[in-house]
Each structure stands twice: as structure tokens, then as C-alpha cells.
Amino acid sequence: MRTPRTIAVVAHQRKTLGGGLDELRRLLTGRDIEKLLWYEVPKSRKAPKKVRKALREGADLLVVWGGDGMVQRTLDVLAQEKGGSRIPVAIMPAGTGNLLAGNLGIPTDLAKAVDIAFTGERRRYDLGRLGGEHFAVMAGVGFDGAMIKDADGALKDRLGKLAYVWTGLRHVNGEAPHATIRVDGADWFDGEASCVLIGNVGTITGGIHAFDDAVPDDGWLDVGVATAQNALQWARALGTMAVSRSDHSPFVRTTRARRIDVTLASKLEYELDGGARAKTKRFTAEIVPAAVRICVPGEVS
């Protein structure tokens, strides 16, 4: 594998890992590279502009420092920009959840993550697309979207994954909206749903293994709907997920599709890869096969 000559770092200033950004710079410059482009942003929504600049500057490796929000914003740009899908992405998992990194086996060890950037396998992975944005982990609405919104910001910084549990308990007794879901053009679900999740990987918010058969490079999205409406029913559903398959719970249904159309009786906030978005009554999620290249553990074939 050719050593990348121009490396671009796009980093969330508030996120930490190992010895921080100073250590990252030291580890990168210790490699045989010619040019290091360095961009820091105060919020993940500022990242797309820097990613586009890195592409214009000719980066042949993009290093993303931050959590799932930073990764989602970065991959979204690469999937949309001409030639962006050819640029490999190395994830430095400096966020709270680091769901994509965890699902791909990228460790929260800075030196090891940097080593994967240079010596790991560069594999193509699918993305989902919803509302004009791409996502790598999941999209959700209902219970999940509400708890993501409330767990944003300072609470996640203080409590980490426990923030999702804390805020989730505040939403479990809410009224479940009526949802109609079609998968690949066929009717699939029609009823009350406290949560609708669309996943590209198996492990989601709070470390819950929601989709037992999900693979991020199989050309499919997994979709699940939860009908649990109170704390007891959610406890039963989550307990089943912990010891068995999620679809063994009477409060969970799952399947897979290339296109999922969801219609809700009332507007609800949705989320993409842990970031809250606007309220909506209707949305469509589609698979985008082999949309990006990501550096992961393993030898190059």
C-alpha cells in the first residue's frame, strides 16, 4: 500500500483521546509524509467546510478526530463530492459513543488508531441516506430521537453513555404515535410505534445490540420498530436484546431493505448518527452501497 503523502486532519477541538491533538500531530509527523493539513472546528456542523477544503488541497488521507457526529458530517461530504469516495478516512474515536469506530473494530487507543490509518485495510462501506444526508450508524425517530436530543451537549459530556439511559427513562411513558412503514415498496408495519430505527451496523446508542444480522458492507439497511410503551415493556425488550436476538422480543420487529418509507401521524424529531435533526411526519431512507472508504484493522489483500 502506498504511504499517503498529503494528510488532512479535521478535528473537533472539544474532544479528547490519549494525549490529545498534540500527540496526534506528533504521531502523524513521525511517519514518512510530505504535507500535513490541519483544521480544527468548535462544532461538528463546522466540519463539512473544512473537509471540502481538504479535498481541494489534494489530501489522499483524511483523519477525522471526534465522535459520531464528526464522522457523519465528514462521510456525508465525501459521499456527495466528486471523487470524495476515493479518499480513505481514518477515524480517531475521540467522542462519547464512537459507535461507528466500535462496530468497525477501531480502538480508543490513539497510537493504535493512527497505526490503522497507515497499515490497516481500506475497505468500502455502505451509507444510508435520509433527508439529503448520509449516515453510517443509524437513523431513528420517536423514543430514540427524543432521547438523543435531550442527551445532547453538556449532559453527554458529563455522563457519557449513561446520558442516553437517563434521558431515555424520561420518554418511555410517552404516547406512541401511529406509524406506517413500507420496505422496498411493500407494506410492512401499521400501528403504534414508540421507536423506529434504521441501522447500517448492529450496535447502536448506549451499546445496545439492536440488529443482530447487520453488516455495513452488504448493500442493505436493517429496520426495526419497537412497540414498547412503558418502562416495564422497555425493560423486557432491552433484557431480551441483552441475552438473545432483539427480534425475539414481543415488542420488537426487524427486517432489512434497500428503501424504507416511514409515515407518522404526528411530527417527531429524528436523529442521524447521534445528532438531532428537525421534526418530520414523513421520511425515506435508502442504502448507498460502497459509498466511502474507511481504514480498519486488518491486512491489505
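Predicted model: local features only at pLDDT ≥ 70, side-chain atom pairs only at ≥ 80, totals over all residues.
Local features need pLDDT of at least 70 and side-chain atom pairs count only at pLDDT 80 or more, while totals for chains, interfaces and linings use all residues. Residues are numbered from 1 along each chain as its sequence is written, and side-chain values use heavy atoms, with hydrogens and water left out.

Start with helix H1, residues 20–29. Helices (H or I, at least four residues) and strands (E, at least two) are DSSP runs, numbered from the N terminus. In H1, the residues Gly20, Leu21, Leu24, Leu27 and Leu28 are buried. Buried means under 20% relative accessible area, exposed over 50%, and partly exposed in between (1.4 Å probe, protein chains only). Seen down the axis of H1, the buried residues fall within an arc of 120°, so they line one face of the helix. The arc is that of the directions from the helix axis to the C-beta atoms. An α-helix has 3.6 residues a turn, so residues three or four places apart point the same way. Asp22 and Arg26, on the other side of H1, are exposed.

Next come the salt bridges. The whole structure has 13 salt bridges, each being a side-chain nitrogen of Lys or Arg within 4 Å of a carboxyl oxygen of Asp or Glu. Arg5 forms one with Asp32 (3.7 Å, N to O). Asp32 lies in the loop between H1 and E2 and Arg5 in the segment before strand E1 (6–12), so this pair ties together parts that are 27 residues apart in sequence. Arg5 also forms a salt bridge with Glu34, with the closest N and O atoms 3.4 Å apart. Arg5 is partly exposed at 21% relative accessibility, whereas Asp32, at 55%, is exposed, and Glu34, at 62%, is exposed too.

Another salt bridge joins Glu286 and Arg259, whose closest N and O atoms are 3.5 Å apart. Glu286 is in strand E14 (residues 275–296) and Arg259 in strand E13 (residues 259–272), so the pair links distant parts of the chain, 27 residues apart. Salt bridges that share partners join Arg129, Arg259, Asp261 and Glu286 into one network.

Finally, consider two loop residues. Asn98 has a phi near 50°, a positive value in a residue other than glycine. Asn98 sits in the loop between strand E4 (88–93) and helix H4 (99–104) and counts as buried at 11% relative accessibility. Asp184, also not a glycine, has a positive phi of about 50°. Asp184 is in the loop between strand E8 (178–183) and strand E9 (186–192), and is partly exposed at 41%.
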